[in-house]
Amino acid sequence: MNTYNESDLKEFCEKVLEKMGMRKDYSEVVADSLVKANLEGTDSHGISRLPIYAKRFMDKRINVNPDIKVTKKAPSVLQIDGDNGLGHVVSWKAIREGMEAAKENGTAAIAIRNSNHFGTAAYFCQMACEQNLACIGFTNSPPGIAPWGGKEAFFGTNPIAFGFPTGNDQPVIIDLSTSIVARGKIILAAKQGNEIPGDWAIDEDGNSTKDPAAALRGSVLPLGGAKGAALALAVEILTGVLSGAAFGPHVKNLYDDNETENANVGHFFLLLDIKKFMDLTLFFTSIQNLLQEMKEVPKKPDVSEIRYPGERRKRESASRLLTGIELSGNVEQELKDLGEKFNIPFPEARSLDHSSKSLSL
């Protein structure tokens, strides 16, 4: 696989989006979110998503410059209509509104409807942590998980994310799907022609499968069995029912070329201003003590270090900033084809000795 500079990929994203008519501040957010996902090792939600977003802009299934509106505002409650915009942009605007409310009132609950895929939930938790706010984020998605005991996808993979500032540049970031694996990883495996582990998904007949295409026609398995399916239901209620967005099988699939209706994805964020709960310095001291004591727990023989959620992301990002971001041949070709449509050259690959391209993580 070829390797690319983070800055070059981000610039390419911005140019493509702006050539499609997206306003500059929106294009910067989308490019930053996508390439940051690659930097942090979440390649399934990175720049490989740009071609499908561009396709949906071109066929008018997503508004390139949505008129995002606050439809209801109470002291600690915001309802947002995303005007069928890309979820990265809609959530970015919503989080900015919510941060102001949280700083004024201590908390802010943000319910968002009429949106689309928003990339990684971690991105928005990181935004909040930079302002010393804690964040809990949820989103629904097109059907990917069968109800426990079922064989047909009904719930989305419905991620849950938490972000807690720590007083330094490495917050606690927990971002996980209620499925055993993010559906994006299966989409990426199908795109790259790779098999998936046999315990990730079932096919249309309810049998385990290693074929990503069969898995996409069937169902991803829930995290933790029945418990994961229950969490998926809870997220569906918060993001779909409470927000007024679509829910369950009514959320439309971005990848379905035959679909004509808007996806109407729902998101839900809860922001907490830590200063309204306790002294910020005391919170930072306490959370750092908690994390340090956790890391000092006696380790299993094959474990060299106990890490808290967010550490791997930070270290991976630092490594890839130095060594570059690898793209598979299929993803690389899709991006080159996209660039040709808009007369935007894809950046040159880095010339590196792959044998020396890693840092200790």
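pLDDT is the predictor's confidence in each residue, from 0 to 100, and contact means heavy atoms within 4.5 Å. Over the protein, pLDDT averages 94, and 97% of the residues score at least 70.

This is a predicted model, where local features need pLDDT of at least 70 and side-chain atom pairs count only at pLDDT 80 or more, while totals for chains, interfaces and linings use all residues. Residues are numbered from 1 along each chain as its sequence is written, and side-chain values use heavy atoms, with hydrogens and water left out.

Next, the largest pocket. The space in it is about 730 Å³. A pocket here is an open set of points on a 1 Å grid over the protein atoms alone, where a 1.4 Å probe fits, with protein on both sides within 12 Å along at least five of seven lines; lining residues have an atom within 4 Å of a point. The volume is the space filled by probe spheres set on the points.

Its lining has 37 residues, and H45, P159, A182, R183 and G184 lie nearest the centre. Helix 6 (183-192), strand 7 (172-176) and helix 10 (311-323) each supply at least two of the lining residues. Helix 6 gives the most, four residues. Helices are DSSP runs of H or I, at least four residues, and strands are runs of E, at least two.

Last, S91, in helix 4, residues 87-105. S91 counts as buried because its relative accessibility is 0%, the cut-off being under 20% with a 1.4 Å probe, protein chains only. Leaving aside residues up to four places away in sequence, S91 touches I112, F118, F124, H267 and F269.

Definitions and conventions
Buried means under 20% relative accessible area, exposed over 50%, partly exposed in between (1.4 Å probe, protein chains only).
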